[in-house]
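We will take a short walk, one selection at a time.

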Amino acid sequence: MSKGMRYASHALLSGCSAGGVASIIHCDEFQVLMPRRTTIKCLADAGLFLDVADVAGGYSLRFFFNGVVNLQGVGRSLPAACINRMDATSCFFPQNLLPHIYTPTFVLNAAYDIWQFQESLAPRRANPQGYWQQYKMNYVNCNAGQVRFLQG
């Protein structure tokens, strides 16, 4: 505020990837910090991580995020309305968090995010036989069954 933000008529809180998740988590807090006359919006770029089953039926990303939430104590920063309905790890996923954010928030995410393919849907531990390896390097190599899985 001392650097001039208190005079801003508009402000955008944004972040990419993990920073995109952080921009969602802290969006309403940012709104409260700014003067009431300031128009606030938030942008999460590539921060929509999927809480879905991987190719082996496990939840690799949920397992990873659970560690992040517990190690960093993220639950303290999550909206009470979400925490009262589900566990902190569930609230860390934007699909569960966004309904509890009141400041206008824009989400920008590629439909075919290569990181999501490689680390969330077909991580090494879920794909020990390498069935998905060729697809992970180039999704145009997917067979019809793999395409159906991805589109689902």
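Start with helix H7: its buried residues pack against helix H3 (60-72), helix H8 (133-137) and helix H9 (144-151). Bear in mind as you look around that this is a predicted model.

Now select H7 itself, residues 114-121, and show side chains. The buried residues here are Gln 116, Phe 117, Ser 120 and Leu 121. Why do they sit on the same side of H7? They do so because they cover an arc of only 115° around the axis.

Next, go to the start of H7 and select Asp 113 and Trp 115. A side-chain oxygen of Asp 113 comes within 3.0 Å of the backbone nitrogen of Trp 115.

The structure has nine aromatic pairs. One of them is Phe 64 with Phe 65, a tilted pair at 5.9 Å centre to centre with 45° between the planes.

For a last stop, select Tyr 131 and Trp 132. Their rings form an edge-to-face pair, 6.0 Å centre to centre and 85° between the planes. Here Tyr 131 is exposed, with a relative accessible area of 52%, while Trp 132 is buried at 7% relative accessibility.

Conventions:
Residues are numbered from 1 along each chain as its sequence is written. This is a predicted model: local features need pLDDT of at least 70, side-chain atom pairs count only at pLDDT 80 or more; totals for chains, interfaces and linings use all residues. Side-chain values use heavy atoms; hydrogens and water are left out. Rings of Phe, Tyr and Trp (its six-membered ring) pair if their centres lie within 6.5 Å; planes under 30 degrees apart count as stacked, over 60 as edge-to-face and the rest as tilted. Buried means under 20% relative accessible area, exposed over 50%, partly exposed in between (1.4 Å probe, protein chains only). Helices (H or I, at least four residues) and strands (E, at least two) are DSSP runs, numbered from the N terminus. The arc is that of the directions from the helix axis to the C-beta atoms. Contact means heavy atoms within 4.5 Å. A polar contact is a pair of N or O atoms within 3.5 Å; within protein, one must be able to donate a hydrogen and the other to accept it, and residues adjacent in sequence count only if both atoms are side-chain atoms.
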